[in-house]
Amino acid sequence: VHRACVRGLLWLGLATAACGLPRDPEGTLDRLHATGLLRAGAVPNPPWVIVRGGAVSGPEAAIVEAFAARHGAAVTWVVGAEERLVERLEERELDLVVGGFTQRNPSLSRASASRPLYESSPGKRHVVLVAPGENGFLLALDRAVLAARDELGRLPGAATP
Amino acid sequence: MRTAPPFDLPEEQRRALARARRLAWLTIAYLTTVVVAMYLVLGSSQAMKTAWIEDLLSFIPPIAFLVSARVARRRPDHRFPFGYQRATTIAYLCGALALLVMGAVLLGDAALKLAEREHPSIGSVELAGRAVWLGWLMIPTLAWSGIPVVLLGHAKLRLAEVLHDKVLHADAKMNKADWLTAAAAVAGVVGIAFGLWWADAVAAGAISFEIGRDGVRHLRAAVGDLMDRTPTTTDYSREDPLPARLEAFLLEQPWIAAAAVRVREEGHMLFADAVVVPRDERDLVERIDRTASAALRIDWRLHDLVLMPVRRLPGEAIPGREPPARVVPPQPAAAH
């Protein structure tokens with residue numbers, strides 16, 4: 001019965017994904033597909049997010065790039081301080097922000113969070129911040145996170161949760 | 001003072017009480033599964049949170065019923081010479097207040113979320129290595145919280161009538177209405193799925209409004225009970241016919257010329273005061289004794305009767321004074 005339930009829910013998930021549910025109230029995912037641009041914020045926080053010159057790298061930047069690639073989009077990076085970038089997330093000038101945020105980050109009350117990427121130390125699960133309420137976009141990102149997790153697990157100092 | 005053989009319920013009521021107790025335990029067990037399941041899929045949906053708190057509040061009536069079924073049946077003692085029946089009503093009053101306050105707080109919450117245009121985020125969970133949107137898990141959970149409970153409510157409603165238990169009746173009514181809560185929350189979640197951020201707060205508002213309304217309804221009922229309002233039927237829709245029957249019974253006695261009856265309700269028991277004007281004063285004590293014993297057999301709920309012989313009915317003694325407020329208010333059936 002338990003397995004049948006899980007399977008049923010998976011089918012329900014797949015069926016609704018086909019209809020594009022859940023949808024975003026502000027249409028973030030549609031805009032991503034239409035413009036081919038992912039507006040990402042990066043808060044420098046080595047070794048998770050490294051900003052050198054104009055280039056953003058590190059494991060959390062890599063997952064954002066992978067997510068954009070899955071949707072045939074390019075990433076435009078905005079580098080700044082956490083406070084400012086979360087504010088722009090709330091105003092929906094950004095789609096997501098990375099910066100070594102853990103699930104305990106207080107900014108989570110103003111934005112929503114992806115599934116954990118990895119655990120940097122016990123209890124410290126890193127997440128990507130996403131504009132609040134964009135549930136379709138969040139689900140798409142979660143799928144990319146889950147797909148990329150095996151790779152993330154091989155990064156130095158990172159263990160999959 | 002005449003007291004019916006204390007607190008020994010008739011066979012039918014005793015069986016109903018045993019069933020009602022089992023149902024109360026079943027309700028508590030079921031609600032526990034609901035509350036845990038709901039907590040696991042709560043997300044940041046206000047409608048889910050509101051429905052969850054309503055489920056938490058649903059614990060109050062069955063617990064109040066079980067506690068009062070123990071306490072209220074204690075025999076009157078030196079400290080509480082009128083017995084412990086009122087314990088039930090006090091439990092009921094507290095439950096009603098909790099509903100009212102929570103309803104108001106949650107309604108405020110929902111209104112605030114709407115005013116601030118807060119977009120609820122619902123993330124995903126991992127099932128068998130895949131990300132599944134939490135909203136899809138909320139819907140079967142809400143169905144579990146809303147469908148079996150209606151059957152429980154139906155079963156309890158019948159028992160509440162037999163036992164004349166108002167707490168049980170209120171609990172049954174709430175259970176029967178629970179599917180509405182679940183349906184509203186499902187509408188909120190489906191709204192979110194379609195990208196309507198406000199659907200969540202609107203559903204939450206509707207649910208909390210219902211919680212508050214339940215609170216007001218039960219509060220009025222409980223306060224009325226504590227103020228010794230004329231006894232009513234379990235659903236408070238009509239006056240209880242018993243006081244009129246008691247008065248009629250007294251007037252049928254050949255030795256009684258006039259009678260006035262005043263009845264109050266404590267829990268499911270009725271306590272009556274009656275004044276009678278005797279036609280024939282011979283063997284008065286014997287007559288009072290026999291009539292009072294017979295009167296207590298009219299109905300199992302009539303628990304205590306004080307029968308007092310008087311020269312005139314109260315209020316008639318002083319010329320020019322207003323006639324007494326009718327002790328037994330007119331019955332709807334008697335209206336022309």
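**View 1. Helix 5 and helix 6 of chain B pack at an angle of about 5° in this predicted model.** The axes of helix 5 (residues 134-146) and helix 6 (residues 148-163) of chain B lie 4 Å apart, and, because angles under 35 degrees count as roughly parallel, helix 5 of chain B is described as roughly parallel to helix 6 of chain B. On the side of helix 5 of chain B, the contact is made by B:Ala143, B:Trp144, B:Ser145 and B:Gly146, while helix 6 of chain B contributes B:Pro148, B:Val149 and B:Val150. Sorted by class, this contact has five nonpolar residues and two polar ones, with no charged residues.

**View 2. Helix 4 of chain B runs over residues 86-115.** From its first C-alpha to its last, this helix of 30 residues reaches 44 Å, which is close to the 44 Å expected at 1.5 Å a residue. Its buried residues include B:Arg86, B:Tyr92, B:Leu99 and B:Ala110, and the buried residues of helix 4 of chain B pack against helix 2 (46-57), helix 3 (60-71), helix 7 (166-193), helix 8 (197-226) and strand 4 (256-266) of chain B. Helix 4 of chain B is followed by B:Arg117, whose phi is positive, near 50°.

**View 3. Chain A contains five helices and nine strands.** Read along the sequence, the elements of chain A follow the pattern α-α-β-β-β-α-β-α-β-β-β-β-β-α. Of the 161 residues in chain A, 45% are buried, and the accessible surface of chain A comes to about 7500 Å², with 55% of that area belonging to carbon and sulfur atoms. Among the contacts in chain A with a separation of 6 or more, 66% join residues 24 or more positions apart.

Technical notes: Residues numbered from 1 in each chain as written. Chains lettered and ligands numbered in written order. Predicted model: local features only at pLDDT ≥ 70, side-chain atom pairs only at ≥ 80, totals over all residues. Heavy atoms only, no water. Axes fitted to C-alpha atoms, helices over the stretch in contact; angles between N-to-C directions. Helix = DSSP H or I, 4+ residues; strand = E, 2+ residues; numbered from the N terminus. Parallel < 35°, antiparallel > 145°, perpendicular 65-115°, else oblique. Contact = heavy atoms within 4.5 Å. Nonpolar A, V, L, I, M, F, W, Y, C, P; charged D, E, K, R; others polar. Buried < 20%, exposed > 50% of the residue type's maximum accessible area, 1.4 Å probe, protein only. Areas by Shrake-Rupley, 256 points an atom, 1.4 Å probe, with all protein chains shown as cover. Expected span 1.5 Å × (residues − 1).
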